[in-house]
Amino acid sequence: MSAKAEIEIIERYCKGCSICVEFCPTKVLEMDAFVVKVANADACIACNQCELRCPDFAIKVHKL
Amino acid sequence: MAKKVALLQGNTACAYGALYAGCNFFGGYPITPSTEVAEVLSEELPKIGGKFIQMEDEIGAMASVIGASLTGQKALTATSGPGVSLKQELIGYACIAETPCVIINVMRGGPSTGMPTGPGQSDVQQAKWGTHGDHPVIALVPASCQEIFSETVRAFNLAEKYRMPVQVLYDEIVGHMRERIEFPEPGELEVIDREAPSCSPEDYKPFDPSNGDVPPLAAFGSEYRFHVTGLNKAADGFPTTKAELVDAEQRRQLRKIDANIADIESYEEYQTDDAEVVIFAYGSTSRSARYAVNELRKEGVKAGLFRPITLWPFPEKRVAELAQQAKAIIVPELNLGQMNLEVERVAKGACEIIGIHRVDGEPINPGQIMAQVKEVV
Amino acid sequence: MAYDYEKHIRAGKLPHIWCPGCGHGIAMKGLIRALDTCGLEKNNTAIVSGIGCASRLPGYMDYNTLHTAHGRAAAFATGVKMSKPEMNVIVVGGDGDGTAIGGNHFIHACRRNIDMTYVILNNYIYGMTGGQFSPCTPTGHKASTTVYGNPDPIFDISKLAIGAGATFVARTTAFHATQIDKLIAEGIKHKGMAIIEVLDDCPTTYGRRNKFRSVVDMMKRLKEIAVPVAAASKMTAEQLEGKVLTGVLYKEDKPEYTEQYAQVIERAKGA
């Protein structure tokens with residue numbers, strides 16, 4: 001399986017709420033010391049749910 | 001050509017003065033004894049494409065006026081003491097956000113609902129100290145229908161020139177009496193509009209002090225986009241808690257008045273040159289005082305009248321001089337001693353300060369003033 | 001390319017002040033997408049707010065922005081809209097700001113049906129002052145001033161708006177991110193007073209006191225309580241217990257205030 005999008009994390013905006021991690025349907029994201037990181041890039045289906053629900057403008061989903 | 005003349009009520013004169021000054025927005029709430037200002041403007045403003053709105057309450061009225069002013073309108077509200085009490089928070093907002101607007105306060109008795117149809121001069125200290133926080137204050141106190149017209153024009157001019165709210169206070173007697181007034185021709189009285197920014201929109205800072213203490217004000221809806229807040233802010237308009245920026249902003253605002261006293265100050269003196277007793281009076285009370293001076297002079301008593309037209313900033317310098325010259329300054333006012341305190345503060349004990357106070361809904365008559373003057377001499 | 005939110009945001013203003021997990025940022029993104037969808041010109045758009053966490057939103061936006069006094073946003077906005085009816089006026093604020101201290105301005109702006117879009121972020125609490133109960137804090141719940149449980153009944157903001165005369169009333173939640181921009185956009189296009197209530201989470205001052213273990217728990221709750229209007233019509237009263245209707249709750253065409261006033265001007269000029 002290959003990633004449908006590239007996820008960009010703007011770390012200095014991320015406040016570590018973990019909403020994106022919870023609601024990602026394919027478990028692409030993980031928390032790492034209160035900041036989100038891409039743990040499973042290939043699983044991304046470009047659904048944009050993480051970006052839409054990130055309250056901190058810290059995630060950008062670049063569709064491939 | 002003969003000037004247009006009319007027999008007008010003070011409140012009506014106020015409305016026409018506002019129109020002369022270019023007022024094109026009125027936001028108000030009905031309150032005695034000021035409602036005629038709203039009534040006249042509700043009829044006249046739409047004729048010139050201006051806007052009149054009767055808001056849901058006094059606070060909303062003040063809010064609508066500030067909102068309108070930020071789009072570049074010349075905005076007015078008119079109310080009385082209880083309404084001014086409610087408006088205080090947003091008068092403070094207009095101060096900190098440096099938004100030009102004019103507030104008419106047709107004074108009645110108080111506190112609270114007080115005597116709605118009776119005259120009072122009990123809001124003169126409120127005009128200075130009514131809001132929380134420090135900020136500049138300009139308050140004008142006309143004493144005739146003609147002067148209500150011209151002072152309303154001047155209030156708009158000062159508001160626009162110094163980017164701040166200006167209050168016009170007159171008691172119910174002046175507001176409801178009818179006098180002959182001459183309408184000034186267009187151009188006869190100066191009409192000032194706020195300075196617009198000349199920099200590029202990208203460089204615009206709504207509170208930038210670098211070109212003087214009164215920064216140009218852009219309008220919402222122009223090519224200048226900016227932020228306005230009631231929080232302490234920096235020159236760019238955005239909130240700050242940096243001590244030096246907060247301090248500089250507040251001091252700059254006070255400087256707008258302190259450095260321009262000569263431009264803002266206005267008073268009238270009558271028979272004060274050799275006066276042994278000076279009567280300090282404003283509004284309707286000054287009319288009784290003038291009559292008293294005339295009668296006393298006939299009797300050989302050296303009485304004179306000092307009548308502030310700009311009440312705030314207070315005409316400190318001249319009142320201090322008169323205190324040196326006179327045996328006593330008598331302060332008749334329709335309250336229990338408000339400007340009396342300011343005269344005392346400024347006189348610094350140089351002469352006796354005697355108040356004549358009345359809060360029973362009746363005017364102070366010349367006889368009361370004459371009796372007090374005679375007691376002194 | 002990812003969606004470019006920052007072209008609507010003032011340079012250097014992010015990160016914002018809201019707490020981790022606060023849904024206000026999700027609502028702000030929805031608002032930005034709606035402004036984009038409707039193609040509103042920045043110079044010709046004013047965003048007005050009162051006081052509180054939600055009311056800090058306009059400060060981030062690269063528009064004409066007016067952060068007013070507590071509760072007064074709708075009244076300031078009325079002055080702006082009356083003066084320049086050609087401007088788009090958006091109001092943003094919280095539940096306490098809009099329906100307690102600003103309740104009078106709120107209902108009268110609705111009554112006038114003045115053309116503005118009021119996005120009210122209902123997080124059930126006064127967040128900025130530390131979690132005191134608002135008119136929307138559920139009865140029995142805890143706030144810093146209702147430690148024994150809130151004795152007050154609540155306002156249903158949407159019902160309040162409909163009752164007061166708003167002609168477009170919609171509700172969604174911070175969980176339903178794509179619905180936020182759709183409803184706001186519909187509200188902007190609607191001629192008249194549009195109220196969009198966004199049920200939101202305040203993990204810091206409401207969630208903690210009311211046994212939500214995490215932000216995620218609060219988001220899940222928003223997901224669970226929301227029932228689209230169409231689905232609700234097929235549900236029993238029992239099934240609807242504890243649920244909240246979402247979507248367009250009310251829409252009506254009625255004369256708009258500034259258009260009515262334009263007619264006043266015509267009549268006055270003709271007189």
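**Where chain C meets chain B**

**View 1. The two sides of the contact.** Chain C brings 38 residues to the contact and chain B brings 41 residues, with contact meaning heavy atoms within 4.5 Å. This is a predicted model, so local features need pLDDT of at least 70 and side-chain atom pairs pLDDT 80 or more, while totals for chains, interfaces and linings use all residues. Residues count from 1 along each chain as its sequence is written, chains are lettered from A in the order written, and side-chain values use heavy atoms, leaving out hydrogens and water.

**View 2. The area that gets buried.** About 3100 Å² is buried between chain C and chain B, 59% of it from carbon and sulfur atoms; buried area is the accessible area (1.4 Å probe) that two parts lose on being put together, summed over both. In chain C, the residues losing the most area to chain B are Asn43(C), His67(C) and Phe76(C), together 17% of what that side buries.

**View 3. A salt bridge.** Look for Asp62(C) and Arg225(B): their closest N and O atoms sit 3.1 Å apart, forming a salt bridge (a side-chain nitrogen of Lys or Arg within 4 Å of a carboxyl oxygen of Asp or Glu). The rule finds three salt bridges across this interface of chain C and chain B.

**View 4. Strands side by side.** Strand E9 of chain B (residues 227–229) runs parallel to E2(C), joined by three bridges. Val228(B) has Leu66(C) as its bridge partner in E2(C). Strands here are DSSP runs of at least two residues, numbered from the N terminus, and two strands pair if DSSP finds at least two bridges between them.

Notes
Helix = DSSP H or I, 4+ residues; strand = E, 2+ residues; numbered from the N terminus.
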